[in-house]
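Hi,

Here is the structure I promised to pass on.

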Amino acid sequence: MSGHRQLDELGIDAYLQRYGQREMLRLLTCGSVDDGKSTLIGRLLHDSQAVSDDVLAATRQASERFGTTGDDVDLALLVDGLQAEREQGITIDVAYRYFATDRRKFVVADTPGHVQYTRNMATGASNCDLAVILIDARHGVLEQTHRHSFLCSLLGIQHFVVAINKMDLVGWSEDRFEAIRAAYSQFAARLQVRDIHFIPMSATKGENVVHRGASMPWFQGSPLLDHLETVHVAGDRNLVDLRFPVQLVVRPDADFRGYAGTVASGVVRVGDRIAVLPAGTQSRVASIGTPDGDVPEAFAGMAVTLTLQDAIDVSRGDMVVAPNNAPPLTNTIEAMVVWFADAPLRAGANYLLKHTTVQTAAKVTDLRYRVDVGTLHRQSAPALAMNEIGRVRLECARPLAADAYGKNRQTGAFILIDRIGNATVGAGMIVERKTVDEAAHRRGASADAGSNVRRATRGRITPAARRQRLGQEPFVLWITGLPRAGKSSLAHGLEQWLFDHDYHALALDGELLRLGLNRDLGFGGADRWENQRRAAELARMNLDFGISSIVALVSPLAFERRRAREIVGSPHFFQVWCNAPLEVCEARDEHGLFAAARRGEIQGVTGLDAPYERPDDADLVLDTVADSAAANLQKVIDFLHQRGLLR
Amino acid sequence: MSNYALSHLQQLEQESIHVMREVQAEFARPVMLYSIGKDSGVMLRLAQKAFAPARIPFKVLHIDTTWKFREMIAFRDRIVRELDLDFEAWTNPDGVRDGINPFDHGTQRYTHVMKTEALKQALDRGQYDAAFGGARRDEEKSRAKERVFSFRDRFHQWDPKHQRPELWNLFNCRVAKGESIRVFPLSNWTELDVWLYIHREQLPVVPLYFAKERPVVRRNGAWIMVDDDRLPLLPGEQPQRRMVRFRTLGCYPLTGAVESTADTVPKIVEEMLRSRDSERQGRVIDNDELGSMEDKKREGYF
């Protein structure tokens with residue numbers, strides 16, 4: 001509790017007045033056991049004078065018993081609460097800490113970095129505005145850094161502070177800081193986070209946490225606390241879409257009938273016309289009661305009691321919205337789910353789902369994929385184990401007024417409850433209103449619509465002109481084959497060779513496509529074809545730009561490969577088959593894909609439980625068992641020479 | 001409320017009200033534990049606001065150890081009358097029969113019988129499936145980890161390692177018969193927030209919070225008030241009159257006073273801002289041993 005100076009200047013009454021007006025900021029700290037997270041929080045509390053003398057004395061006593069800092073008070077012990085974890089020396093649950101400065105009140109959710117405690121991180125992150133991601137300067141960006149960042153972004157946190165800690169142990173090196181910053185930025189480009197801020201610090205030495213310190217004169221930015229005091233988070237709230245889930249009907253007597261609840265988003269005013277979902281009945285707002293009496297308007301975050309002008313039927317679970325801005329009512333939702341329970345989530349299972357003030361029975365109708373939180377890769381999976389994250393489709397017994405979580409954190413979130421044990425087994429974030437099937441349908445419709453669109457010829461730069469400018473004859477190589485047959489290696493090897501010889505070419509493999517253009521797709525039949533269709537369209541456009549494409553996709557079905565050839569529609573489309581028998585591919589399985597499939601953890605792996613149709617129309621067949629990668633690359637180059645596509 | 005922004009105090013208030021309404025809507029038999037202290041007072045005010053213009057819709061329960069300060073009981077009776085509460089006080093009859101007191105039986109046994117056991121009896125008798133408590137996470141380290149909705153098994157026990165994940169403001173209110181949830185609507189409030197709110201709302205509090213000359217004895221480094229003639233004086237102890245006040249209120253033999261001249265809420269806040277001691281310092285039971293609160297909570301203590 002800093003601010004004695006302000007207290008002296010203002011006097012207690014003015015101080016109380018100002019103090020009561022401060023904003024609140026909720027933040028989450030994540031890092032591994034050894035990154036110094038508890039020490040960082042301890043330092044924030046200690047240096048902002050939120051720690052009282054008797055607590056400090058007790059911590060000193062505990063330091064002597066459990067501490068790891070020699071004679072100094074182990075600040076981490078201010079934070080680590082439970083006996084068990086004190087003894088283990090790790091944080092095992094979400095702990096909340098509070099401190100305040102003259103500008104803001106802070107609620108710190110301290111969450112563990114250990115892999116099995118994903119659930120606690122999700123719990124902590126769900127209400128936070130900002131995440132502090134700790135990185136040990138000695139180790140740089142680790143897989144767990146990816147995991148924490150992905151979870152925070154998934155839970156909708158818009159502001160990140162990347163705290164590069166233990167700078168004292170790398171000689172306060174600016175180069176080290178810059179290298180970590182660059183590595184993190186490259187990774188974070190794949191996340192949807194608005195604001196990322198980097199601060200080099202040493203929590204044990206107290207540098208750049210609350211005070212600036214003198215060891216890193218090269219760093220011009222603010223210490224952590226300054227940033228936390230000033231970062232603008234009010235703009236994160238949704239004040240556009242009125243959503244008011246009714247919690248409770250307040251009816252003290254026959255004359256008063258009010259609807260109590262918290263405004264989830266948007267603004268509501270007396271006199272506004274409103275609609276009540278799911279019934280769709282309309283009325284006008286007659287009054288808005290708040291803890292401080294009646295007001296003319298209420299906004300997101302306020303707990304209010306509405307009365308309406310008409311006596312219409314409204315009860316708990318209904319949602320009051322603006323008639324011209326209503327969320328769609330749907331029984332089917334698509335969501336990312338974080339799984340908490342020992343028993344895995346499987347398609348076909350039934351749960352209770354709580355969304356806003358609605359509780360309904362829900363069935364998992366599809367588990368589309370699992371996300372590897374370390375690499376962000378999508379994997380086909382038959383189940384989600386504890387602490388895993390995946391995309392599911394759910395069918396609900398009653399329709400939900402559901403928004404996408406990205407647009408509305410309150411009405412886009414839900415929890416899943418075990419029907420028998422009553423445990424909270426999962427947390428969900430609604431991805432989009434439309435199911436993938438609807439999206440596929442829409443795509444089909446728009447593809448048909450495409451046949452009505454005439455290409456304008458006026459003023460168009462011809463592909464020939466572009467080819468001439470680039471000085472090359474572009475082509476499309478479509479490389480097919482089993483997983484691990486060597487397609488990607490060949491594609492990237494060829495891309496490099498072409499680049500080295502002044503050609504313009506792009507290698508497109510599954511990983512690249514699924515990270516961006518095709519991030520909305522799963523691994524099922526329709527989605528797998530859509531993945532290929534988009535790759536083919538992209539290759540066709542590249543051709544028009546005068547650029548070659550080397551597409552490396554399993555593309556297991558003959559008719560799909562033919563369709564790709566039709567889409568590209570050029571004589572310079574060539575199909576290359578990387579031929580390797582299943583046993584060899586399986587032996588090369590360093591990512592454990594086949595092994596996981598053999599264990600039954602994932603399904604739909606081509607060659608095992610999904611078919612691969614050997615191409616009989618390949619333009620070039622490569623034996624990736626008998627011949628080396630270099631020899632096969634040379635064969636492709638020779639092939640291209642023969643076709644007159646290389647100079 | 002310009003710029004559609006809430007102050008931190010308003011935000012805490014709205015969130016607590018949301019929690020109370022959720023409990024009232026989802027549970028069959030909620031009850032509010034009332035300890036007479038300042039946090040309980042804030043909780044009652046929030047409950048009034050949450051259900052206005054209706055009256056507080058659930059029962060308010062006080063666990064009476066028979067060792068509360070007399071001023072506390074007088075204040076309690078006044079509040080019950082003024083707010084027209086559906087009120088009940090409960091004392092463990094076994095403890096009364098056995099004459100359990102903090103002097104002959106030690107603080108641990110006394111607390112166990114007259115507080116923990118008494119609370120469990122009262123909850124079982126009322127078949128309550130949800131019980132509000134005024135505990136805050138900033139009070140003590142083990143509280144910092146507790147959920148807002150804290151699950152208790154049919155023996156009222158807390159399992160800190162298997163707490164239900166708690167996300168957004170979506171609270172899991174499902175319990176089987178005999179199980180219950182302890183609900184802490186003030187979880188995110190700090191001691192300072194509580195006083196700021198009392199100041200803003202002009203809430204009445206027990207006069208013991210304000211400094212006054214009171215008869216006290218010095219015991220184990222704390223000022224213990226001689227509230228009635230049940231306090232056995234140790235050899236050499238002579239009650240003396242001192243300007244003291246209480247930062248926290250419990251059973252008078254277990255609650256130490258601090259020397260102070262703060263006799264208004266603003267003066268209390270000012271004293272707190274300038275002081276470097278935490279509020280539970282005056283409580284004898286917490287300091288017994290490392291982790292003592294965690295052990296008590298596992299057994300069913302609030």
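To start with a question: which residue of chain B does Lys354(A) form a salt bridge with, and how far apart are the closest N and O atoms? The partner is Glu22(B), and the closest N and O atoms sit 2.8 Å from each other. Before you read on, please keep in mind that this is a predicted model.

**Between the chains**

That pair belongs to the contact of chain A with chain B, so let me stay there for a moment. Chain A puts 93 residues into the contact and chain B puts in 72 residues. Together the two chains bury about 7100 Å², with 56% of that on carbon and sulfur atoms. The interface of chain A and chain B has 8 salt bridges, while the count over all chains comes to 58 salt bridges.

Another salt bridge worth a click is the one between Asp292(A) and Arg200(B), where the closest N and O atoms are 3.3 Å apart. Asp292(A) is in the loop between strands E12 (281-290) and E13 (293-295) of chain A, and Arg200(B) is in helix H6 (residues 191-201) of chain B, so this pair joins two chains.

There is helix packing between the chains as well. Helix H2 of chain A (residues 12-19) packs with helix H7 of chain B (residues 265-274), their axes 10 Å apart and at an angle of about 80 degrees. That angle makes H2(A) roughly perpendicular to H7(B). From H2(A) the contact takes Ile12(A), Asp13(A), Tyr15(A) and Leu16(A), and from H7(B) it takes Pro266(B), Val269(B), Glu270(B) and Leu273(B). Sorted by class, the contact of H2(A) with H7(B) has 6 nonpolar and 2 charged residues, and no polar ones.

**Helices inside chain B**

Next, have a look at helix H2 of chain B, which packs with H1(B) and also with H6(B).

Take H1(B) to begin with. The axes of H1 (residues 8-26) and H2 (residues 38-51) of chain B come within 9 Å and cross at roughly 70 degrees, which makes H1(B) roughly perpendicular to H2(B). The crossing of H1(B) and H2(B) is right-handed. On the H1(B) side you will find Glu13(B), Ser16(B), Ile17(B), Met20(B), Arg21(B) and Gln24(B), and on the H2(B) side Met43(B), Leu46(B), Ala47(B), Lys49(B), Ala50(B) and Phe51(B). By class, that contact of H1(B) with H2(B) has 7 nonpolar, 2 polar and 3 charged residues.

Now for H6(B). How do H2(B) and H6(B) pass each other, in a left-handed or a right-handed crossing? H2(B) passes H6(B) in a left-handed one. Their axes come within 10 Å and cross at roughly 55 degrees, and H2(B) and H6(B) are therefore oblique to each other. H2(B) brings Lys38(B), Asp39(B), Val42(B), Arg45(B), Leu46(B) and Lys49(B), which meet Glu191(B), Val194(B), Trp195(B), Tyr197(B), Ile198(B), Arg200(B) and Glu201(B) of H6(B). The contact of H2(B) with H6(B) has 6 nonpolar and 7 charged residues, with no polar ones.

Most residues other than glycine have a negative phi, and most peptide bonds are trans. Here are some spots to check against that.

- The peptide bond joining Leu277(A) and Pro278(A) is cis, with omega about 5 degrees. Pro278(A) is in the loop between strand E11 (273-277) and E12 of chain A.
- A cis peptide bond also runs from Ala52(B) to Pro53(B), with omega near 5 degrees. Pro53(B) is in the loop between H2 and strand E2 (59-63) of chain B.
- Trp172(A) is not a glycine, yet has a positive phi of about 55 degrees. You will find Trp172(A) in the loop between strand E5 (159-165) and helix H8 (174-188) of chain A.
- Leu376(A), again not a glycine, has a positive phi near 70 degrees. The loop holding Leu376(A) lies between strands E20 (358-371) and E21 (378-379) of chain A.

Cheers

Technical notes. Residues numbered from 1 in each chain as written. Chains lettered and ligands numbered in written order. Predicted model: local features only at pLDDT ≥ 70, side-chain atom pairs only at ≥ 80, totals over all residues. Heavy atoms only, no water. Axes fitted to C-alpha atoms, helices over the stretch in contact; angles between N-to-C directions. Helix = DSSP H or I, 4+ residues; strand = E, 2+ residues; numbered from the N terminus. Parallel < 35°, antiparallel > 145°, perpendicular 65-115°, else oblique. Left-handed = near helix turned anticlockwise from the far one by under 90°. Contact = heavy atoms within 4.5 Å. Nonpolar A, V, L, I, M, F, W, Y, C, P; charged D, E, K, R; others polar. Buried area = accessible area lost by both parts, 1.4 Å probe. Salt bridge = Lys/Arg side-chain N within 4 Å of Asp/Glu carboxyl O.
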